[in-house]
Amino acid sequence: MLKEYRIKRGYSLEKLAELCDISWRNLQRIENGKENVTKFETIKKLIKVLNIEDKDILTLIKK
């Protein structure tokens, strides 16, 4: 779902990672579900930058 939001908003992997102050590799792992533990601060940054709708936030956090 995160990748869909990124693409829908027109961000490259590198640009979104830069805006969220994380490495693009870390973002790639998060998008692919290979990051077992994601910091809550990172999740908050992604939600803010991508303007994720309230109804989708819990789905993002659960994955």
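This is a predicted model: local features need pLDDT of at least 70, side-chain atom pairs count only at pLDDT 80 or more; totals for chains, interfaces and linings use all residues.
Contact here means that heavy atoms lie within 4.5 Å of each other. Leaving aside neighbours within four places in sequence, Thr 42 is in contact with Ile 22 and Ile 30.

**Thr 42**
- Thr 42 has its place in helix 4.
- With a relative accessible area of 9%, Thr 42 counts as buried, because buried means under 20% relative accessible area.

**Helix 2**
- Helix 2 spans residues 13-20, and within this helix Leu 13, Leu 16, Ala 17 and Cys 20 are buried.
- Seen down the axis of helix 2, these buried residues fall within an arc of 100°, so they line one face of the helix.
- An α-helix has 3.6 residues a turn, so residues three or four places apart point the same way.
- The buried residues of helix 2 pack against helix 1 (2-8), helix 3 (24-31) and helix 4 (40-50).
- Asp 21, which comes just after helix 2, takes a positive phi of about 60°.

**The largest nonpolar core**
- The largest nonpolar core has 15 residues, of which Leu 2, Leu 16, Ile 22, Leu 27, Leu 46, Leu 50 and Ile 52 touch the most other members.
- Helix 1, helix 2, helix 3 and helix 4 are the elements that give two or more residues to this core.
- When residues up to four places away in sequence are not counted, Leu 50 touches Leu 2, Tyr 5, Arg 6, Arg 9, Tyr 11 and Leu 16.
- In soluble globular proteins, nonpolar side chains tend to be buried together.

Conventions. Residues are numbered from 1 along each chain as its sequence is written. Side-chain values use heavy atoms; hydrogens and water are left out. Buried means under 20% relative accessible area, exposed over 50%, partly exposed in between (1.4 Å probe, protein chains only). Helices (H or I, at least four residues) and strands (E, at least two) are DSSP runs, numbered from the N terminus. The arc is that of the directions from the helix axis to the C-beta atoms. A nonpolar core is a set of buried Ala, Val, Leu, Ile, Met, Phe, Trp, Tyr and Cys residues joined through side-chain atoms within 4.5 Å.
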